[in-house]
Amino acid sequence: PADIPGLNEGNVHTKGLTLRQELERHRQKSACAACHNMMDPIGFAYENFDAIGKWRTVDVADTQGSLFTGESFKNFYQLQDILVNQKSEEFARCFSKKLLTYALARGTKYYDRTVIDAMTSSLKQHSYSFESAVITLVESAPFQTYRKQN
């Protein structure tokens, strides 16, 4: 939200804390906890990747966490297994919605459900190929009729 300040590396109250500790402290605020309790554990699983996606072999962080639905994981590979083998439908739908949001530079509307359904279906039919989602997206009416808002 716009009225919530970002994490500040120079903040004297967080100096010396790990990112995980800083986020744990951040989640103590009830306004922040509602979203961060869901988001942060997934992000922790990716702590072995650096800023450009390269696997880190030094400064390895604590990558364990649990999803708000209860499944626990110790690292990226276990999270990936949960998403692929247990949550594939939910993951495909969420991914489709987020990709459409990004492509249209706006939130999704009720009438976007048809495109999200088509993207989700295409992902499932093509072994969750990113290419299949992109093709379905660019062939969709909302994408082809997109106009930049002023």
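**Notebook: rings and a pocket**

I looked up Phe76 and found it buried, because its relative accessible area is 15% and buried means under 20%, exposed over 50%, partly exposed in between (1.4 Å probe, protein chains only). I note that this is a predicted model, where local features need pLDDT of at least 70, side-chain atom pairs count only at pLDDT 80 or more, and totals for chains, interfaces and linings use all residues. Residues are numbered from 1 along each chain as its sequence is written, and side-chain values use heavy atoms, with hydrogens and water left out.

Next I looked up ring pairs: rings of Phe, Tyr and Trp (its six-membered ring) pair if their centres lie within 6.5 Å, and planes under 30 degrees apart count as stacked, over 60 as edge-to-face and the rest as tilted. I got 9 aromatic pairs by this rule. Tyr46 and Phe49 make a tilted pair, because their planes stand at 35°, with ring centres 6.1 Å apart. Phe76 and Tyr77 pair edge-to-face, at 5.3 Å centre to centre and 70° between the planes.

How exposed is Tyr46? I found Tyr46 partly exposed, at 37% relative accessibility, and Phe49 partly exposed too, at 22%.

Which residues form one aromatic cluster? I wrote down Tyr46, Phe49, Trp55, Phe76 and Tyr77.

Last, I checked what lines the largest pocket: 10 nonpolar, 1 polar and 3 charged residues. Here Ala, Val, Leu, Ile, Met, Phe, Trp, Tyr, Cys and Pro count as nonpolar, Asp, Glu, Lys and Arg as charged, and the others, Gly among them, as polar.
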